[in-house]
Every structure is written in structure tokens, then in C-alpha cells.
Amino acid sequence: MQYKGIIFDLDGVICSTDQYHFEAWKALADELGIPFDTRDNDHLRGVSRMESLNIVLEKSKTQYSQSEKEYMAEEKNRIYRRLLCQMGPQDLSEEVRTTLDTLRAKGLKLAIGSSSKNAPFILERIGLGTYFDAISDGNGITHSKPDPEVFLKAANMLGLRPELCLVVEDAHAGVEAARAGGFNCAGLGAAAEDARTTWKLKTFADLRDICEAE
């Protein structure tokens, strides 16, 4: 069956904000006296902000109230958004931009499916604010990945059934979400090693060959 739409995760697929996430979580963890390194950061990939905070706090001996946790999550986001202001069009690779243009020229509908509430802001920073046909993000969902809600909503916004869309992910939680929603999934990075992926990508540009094969 030929794909009619492609739904992209944002962080680690369209652009990389992982370093900014790490720096923001590290700053918060340091303030709380909690050890946090890049291995801890890997466990937060594809996970919502509050769920990420709960993972970070697993190393703390202190019990925090829900209101305290909400304040911490917002503080992390304030640090993160301040760091994101460093981003610009230079953070969108030529490979990603030309591949997106090629896919669009083939008549494919393109969407973002990201658990991040900062997705619109990031897209604006890298020059793709109005590029995609639909943006499904953390601002419009109740359940984050590995729940398939964000992808199902993106497909609905495109007017397509899940089987007509290909999800592109770099995190295991995203692959699980895609498969749970009835989508085929192309994996980049760590997701390319996930046995549940339909297509294993070595580069973002490999998407062009997949769509041509379809």
C-alpha cells in the first residue's frame, strides 16, 4: 500500500535539541542535588516532561508534592526555552530540508507528531513554522508516547487512516506508540535498532528511496 502521508517526530528527527534538554535537566538536577548524566538523559527520550521529571526524581531521597513537581517541570521548561533561543535556520540540515521538499513534491502530506509542547516554537526557530500540513504536539494530547494518541491525532488532521501514514521516529517509545496506533514506522538512530520498526534508516534521506519503492 502506498503511503499518502508521513508523520515525523521532531527532536532527533527533524532537528536535534537533545543537548538543550540535557543541559536543562542537568541544571535542575544540580539545583536539587541529584546526580544526572547523559545516560540518565537517554531514559527521557520520547517521554513527557512530567514523566521525565519523575524519572529524574527517582534518585532523590526527598518526597515532593504535586505542586512542587509542577513548579520543577516549569522551571526546567524555562531553562530549556531560554537555551532554544540559540537555535536558528542553521540547525536545520540541508539533507533534511531537501528530503522534505522532495517528499512534498511527490504529493505526500507531511505532519509533526511530537510530545513536546515546544514544537511550534522550535519549528519557528529553524524556519519551518508554516511548512507542515499538520502539527500534533504536547499541547493537544492527554497521553504522551508510548501512547499512540499524538500520531493518531496527526493522521486525523491529515485526513488519513494510520495504515496510509508512515511514522518517522528515533526513540523506542515513539516506535511503540506508532505500532500501537497501527502505523508503519521508519527508525533513525536508536529506533533503527528496534525490531518493531518497518524500515531501518541509516540517514534521513533514505526516506526518499522508501517512498519511491512504495
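**View 1. D194 sits under cover.** At 6% relative accessibility, D194 counts as buried, since the cut-off for that label is anything under 20%. Keep in mind that this is a predicted model. As for where to look, D194 lies in a loop, with β5 (184–187) on one side of that loop and β6 (199–200) on the other.

View 2. Zoom in on the side chains and you'll find D194 paired with H172: the two side chains make a polar contact at 2.8 Å. H172 also turns up among the contacts of D194 once neighbours within four places in sequence are set aside, together with V175 and K200.

View 3. Nine helices and six strands make up the secondary structure here. The radius of gyration is 17 Å, close to the 17 Å that the globule rule gives for 214 residues, so the chain is as compact as a globular protein of that length. If you're setting up a box, the C-alpha atoms fill roughly 55 × 35 × 30 Å along the principal axes.

View 4. Of the 214 residues in the protein chain, 50% are buried. Taking contacts with a separation of 6 or more, 61% come from residues 24 or more positions apart.

Note on methods: Residues are numbered from 1 along each chain as its sequence is written. This is a predicted model: local features need pLDDT of at least 70, side-chain atom pairs count only at pLDDT 80 or more; totals for chains, interfaces and linings use all residues. Side-chain values use heavy atoms; hydrogens and water are left out. Helices (H or I, at least four residues) and strands (E, at least two) are DSSP runs, numbered from the N terminus. The radius of gyration is taken over C-alpha atoms; the globule rule is 2.2 Å times the number of residues to the power 0.38. Buried means under 20% relative accessible area, exposed over 50%, partly exposed in between (1.4 Å probe, protein chains only). Contact means heavy atoms within 4.5 Å. A polar contact is a pair of N or O atoms within 3.5 Å; within protein, one must be able to donate a hydrogen and the other to accept it, and residues adjacent in sequence count only if both atoms are side-chain atoms.
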